[in-house]
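Hi,

Here is the structure I promised to pass on. Have a look at it first, and then read my notes below.

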Amino acid sequence: MTGVDAGRAAFGMPRSPGATGDAGSAGGSDEPAALSPVAPDARLDPEEERRASNLDAVLARLDAELVGLLPVKTRIREIAALLLVDRMRQRFGLAGQRPTLHMCFTGSPGTGKTTVAVRMAELLHGLGYLSRGHLVAVTRDDLVGQYVGHTAPKTKEVLKRAMGGVLFVDEAYYLYRVDNERDYGQESIEILLQVMENNREDLVVIGGGYKDRMDTFFSANPGMSSRIAHHIDFPDYPVEDLAAIGRLMLAQAGYELSPDAGGVWIEYLRRRRDQPRFANARSVRNALERARLRHAGRVLAAGVPLGREELVRLEPEDLLASRVFSAGD
Ligand SMILES: Nc1ncnc2c1ncn2[C@@H]1O[C@H](COP(=O)(O)OP(=O)(O)O)[C@@H](O)[C@H]1O
Ligand SMILES: [Mg+2]
């Protein structure tokens, strides 16, 4: 079983063909790019592979920290299974080149795209497809310059920072301006494409943004579209999920809703969901931050000694003071 053990030791090793002599590779005998081969008649235990790649820990974390999102979680599991099998195939010498791993996460703001991208980076790191597994999140402004000659260095600098991890390009469609072919965004797109086309790079690009705009962007940039292996759609959260997300956030911060506040919270979300600039879980987070401000003001204003319960519990008035309940009707 030495083959399996050696394989485990190779997990998480950098795959980039020794780009800038990273410290630690003094031993010499390890081939960082390749997984240890096994004999044609070997048997690889999938459970062993899952453990070695830390896959279940990452998936468990995804489940625990994100409420709902079942279709997304299912897709992530499917991709993880595909890559786990790809790893095993590599060891039998079956896999060809590195699979295309670039992805597109579409959905409204606050639907969990960035959070899932962070987990995806960890997952790809555990499976050995990325040497570092960090996430660099950027928008057009980080990639595109204002003047001639500024865009290429900016984009390349970002790519350098992202090497070994995931480059998350939020609202990637802003890189392309339909009305202006000479827009500097085009230059950035071309540099990104070169890196994406070369599957040997130790980098995964994930584009994020609204579905309709992303579709328009892809139809104008078919080269980009053809480099994306996985499209994952993040639906808006139903009220029940938003409520549960809020409870999870509160629990993480050491707060809770009083029984009466629980009903008000649902009503708050029903109303907030129909208002402008609603941003799913991000709006939940913001609403709870304001509720905590009101709570603090309220308990201090009482001018009495405070027990644990008063410090922990949000009451209906902490939510009802919101503009959501006064505006409109
Ligand atoms: N399903 C969820 N369960 C719990 N928290 C969530 C969920 N979706 C998003 N959040 C939280 O909401 C905030 C916004 O999420 P984010 O991933 O930045 O969304 P997006 O990138 O789609 O705008 C983050 O603080 C994130 O942790
Ligand atoms: Mg985001």
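A quick definition before we start: the domain bounds I use come from an automatic or database domain assignment. Also, this is a predicted model, where local features need pLDDT of at least 70, side-chain atom pairs count only at pLDDT 80 or more, and totals for chains, interfaces and linings use all residues. Residues are numbered from 1 along each chain as its sequence is written, while chains are lettered from A and ligands numbered from 1 in the order in which they are written.

Let's begin with the ligand. Domain 1 (2-11 + 43-234) and domain 2 (239-325) both give residues to the shell around ligand 1, so the ligand lies between them. There are 17 residues around ligand 1, and Gly112, Lys113, Thr114, Thr115 and Ala281 come nearest. Being near here takes a C-beta atom, placed from the backbone, within 6 Å of the molecule. Helix H5 (113-126), helix H11 (239-253) and helix H13 (280-301) are the elements that give two or more residues to this shell. Helices (H or I, at least four residues) and strands (E, at least two) are DSSP runs, numbered from the N terminus. By class, the shell has seven nonpolar, seven polar and three charged residues. Ala, Val, Leu, Ile, Met, Phe, Trp, Tyr, Cys and Pro count as nonpolar, Asp, Glu, Lys and Arg as charged, and the others, Gly among them, as polar.

Now zoom out: the protein has 15 helices and seven strands. Five strands form an open sheet with parallel pairing, in the order E2-E3-E4-E1-E5. E2 and strand E5 (230-234) are its edge strands, as each pairs on one side only. Two strands pair if DSSP finds at least two bridges between them.

Strand E3 (residues 166-170) is worth a click. How much of E3 is buried? Four of its five residues are, where buried takes 20 or more other C-beta atoms within 10 Å of a residue's own, exposed 12 or fewer, and partly exposed in between, with C-beta atoms placed from the backbone. E3 pairs with strand E2 (residues 135-138) in the parallel sense over four bridges; there, Val138 stands opposite Val169 and Ala137 opposite Phe168. E3 also pairs with strand E4 (residues 204-209), again in the parallel sense, over five bridges, and Leu167 has Val205 in E4 as its bridge partner.

Over the whole protein, 33% of the 329 residues count as buried.
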